[in-house]
Amino acid sequence: MLRWMTRLFGIRDTVLGAGALVSLNREQPEVDWVRMGAVADTADAAIAVVCREELGTKGMAGTLGVAVPAAALGWKASFGIARDR
């Protein structure tokens, strides 16, 4: 199960990251890919809290330790890009 979840989230984050990089390297960068990454990371954090009993303390802490900073930085970046446009 852990291997499957790691692959799933790895593929999702690779696609979102690649889309963001391609978009941000354009003359007029679009914020949508960055925002979608922030939404996905926020959802990961929320699901970790909702499923805390199933994940256990270590699983929830590990997920939140990655998802919360990623979501915060994603939202900060998306607001900064939108502001600069």
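Helix H2 has 19 residues, which at 1.5 Å a residue should span 27 Å, and its end C-alpha atoms lie 27 Å apart, in agreement. The expected span is taken as 1.5 Å times one less than the number of residues. Helices here are DSSP runs (H or I, at least four residues), numbered from the N terminus. This is a predicted model, in which local features need pLDDT of at least 70 and side-chain atom pairs count only at pLDDT 80 or more, while totals for chains, interfaces and linings use all residues. Residues are numbered from 1 along each chain as its sequence is written, and side-chain values use heavy atoms, with hydrogens and water left out.

The buried residues of H2 are Val34, Gly37, Ala38, Ala40, Asp41, Asp44, Ala45 and Ala48. They lie on the same side of H2, because they cover an arc of only 160° around the axis. That arc is the one formed by the directions from the helix axis to the C-beta atoms. In an α-helix there are 3.6 residues a turn, so residues three or four places apart point the same way. On the other side of H2, Ile47 and Val50 are exposed. Buried means under 20% relative accessible area, exposed means over 50%, and partly exposed lies in between (1.4 Å probe, protein chains only).

The structure holds two salt bridges, each defined by a side-chain nitrogen of Lys or Arg within 4 Å of a carboxyl oxygen of Asp or Glu. One joins the side chains of Arg12 and Asp44 at 2.5 Å, N to O. This pair links distant parts of the chain, with Arg12 in helix H1 and Asp44 in helix H2, 32 residues apart. Asp44 counts as buried because its relative accessibility is 16%. In the other salt bridge, the side chains of Asp13 and Arg12 meet at 3.4 Å, N to O. Arg12, at 25% relative accessibility, counts as partly exposed, and so does Asp13, at 36%. Through shared partners, the salt bridges join Arg12, Asp13 and Asp44 into one network.

Ile11, Val15, Trp33 and Met36 make a nonpolar surface patch of about 370 Å². Helix H1 (2–24) and helix H2 (32–50) are the elements that give two or more residues to this patch. Patches are made of residues with over 30% relative accessible area and no salt bridge, with like charges joined within 9 Å and nonpolar side chains (Val, Leu, Ile, Met, Phe, Trp, Tyr) within 5 Å. Accessible areas come from the Shrake-Rupley method with a 1.4 Å probe, and for residues only the protein chains shown count as cover. Val15 lies in helix H1 and counts as partly exposed, because its relative accessibility is 46%.
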